[in-house]
Amino acid sequence: LGEGIAGLVGQTREARLITDVVDAPFYRGGRERDAIQSALSAPIVHNGRLLGVLNVSTNLGERRLREQDLRTISALASRIAPILNQHLMIDAQVVREIEFQVRQYLETLFHNEAGFHEKFTLLCQFLTRKLSADTVAIYTATDEGDWLILGGSDQQIPFTTESPRIRCHRGSLSRAYIDAEEIVMTEAVVD
């Protein structure tokens, strides 16, 4: 908070209209669009809690935003706030429900006679279904500098007495698969 116009509006919770973007201190140091003529930002607040900031701008050659536009967007932000708050509460409830289901499943796995690696693979498969993910894999770092694969949902990791390893000496590994495309969020480094 406090950075740029949206940060300032979020911090002060007061809507702002800027009609001379070129000289506005909020836009110094570069911005996404160079051709902004005027801009306004209004806080989205529900029951005293800042949920976000609504930003509107016009390009050079378009009409300048005015005080009436600021009042309209502020009113819109106040109408958006309870809807957004409800959506965020539903999302939080869904997350809590999934967490509860995962805890229950972990308890079931704890009492399961399956081996260590198989339990983590079953957990990954469960998480894949719960999160509607393409695949889930759980890794942990070893003292030897490897990544020990505890389990994976993609059925490519065989059940053996020794868990497979990914060799790396430093770094961290975090991968996600979205629509069958691997996205490496952080990368293991092999020296």
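Ser 38 is placed in strand 2, where helices (H or I, at least four residues) and strands (E, at least two) are DSSP runs numbered from the N terminus. The model is a predicted one, in which local features need pLDDT of at least 70 and side-chain atom pairs count only at pLDDT 80 or more, whereas totals for chains, interfaces and linings use all residues. Residues are numbered from 1 along each chain as its sequence is written, and side-chain values use heavy atoms, with hydrogens and water left out.

Ser 38 counts as buried because its relative accessibility is 0%; buried means under 20% relative accessible area, exposed over 50% and partly exposed in between, for a 1.4 Å probe and protein chains only. The side chain of Ser 38 has polar partners, the side chain of Thr 58 at 2.7 Å and the backbone nitrogen of Leu 65, which lies 2.8 Å from a polar atom of that side chain. A polar contact here is a pair of N or O atoms within 3.5 Å; within protein, one must be able to donate a hydrogen and the other to accept it, and residues adjacent in sequence count only if both atoms are side-chain atoms.

Three strands form an open, antiparallel sheet in the order 1-2-3, two strands being paired if DSSP finds at least two bridges between them. The edges are strand 1 (16–18) and strand 3 (49–59), each of which pairs on one side only, and the twist from one strand to the next averages 10°. Strand 1 and strand 2 (residues 36–46) are joined in the antiparallel sense over three bridges, and Leu 17 has Leu 40 of strand 2 as its bridge partner. Gly 48, in the loop between strand 2 and strand 3, is exposed because its relative accessible area is 51%.

**Helix 2 on the sheet**

Helix 2 (residues 67–110) packs on the sheet and touches strand 1, strand 2 and strand 3, its direction making about 40° with that of strand 2. Axes are lines fitted to C-alpha atoms, for helices over the stretch in contact, and angles run from 0 to 180 degrees between N-to-C directions. The 44 residues of helix 2 reach 62 Å from first C-alpha to last, close to the 64 Å expected at 1.5 Å a residue, the expected span being 1.5 Å times one less than the number of residues. Helix 2 bends by about 30° at Ile 80, with Pro 82 following within four residues; the bend is the angle between axes fitted to the seven residues ending at a residue and the seven starting there.

The buried residues of helix 2 include Leu 70, Ile 73, Ala 77 and Tyr 105, and the buried residues of this helix pack against strand 1, strand 2, strand 3 and helix 3 (116–131). Ile 73 counts as buried because its relative accessibility is 14%. Leaving aside residues up to four places away in sequence, Ile 73 touches Leu 40, Ala 42, Leu 54 and Val 56, contact meaning heavy atoms within 4.5 Å.

Two C-alpha separations across the sequence are listed below.

| Pair | Apart along the chain | C-alpha separation |
|---|---|---|
| Gly 48 and Arg 13 | 35 residues | 9.6 Å |
| Ile 73 and Leu 40 | 33 residues | 8.3 Å |

**The whole chain**

The protein chain has three helices and eight strands, following the pattern α-β-β-β-α-α-β-β-β-β-β along the sequence. Of its 191 residues, 31% count as buried. Among contacts between residues at least 6 apart in sequence, 41% join residues at least 24 apart.
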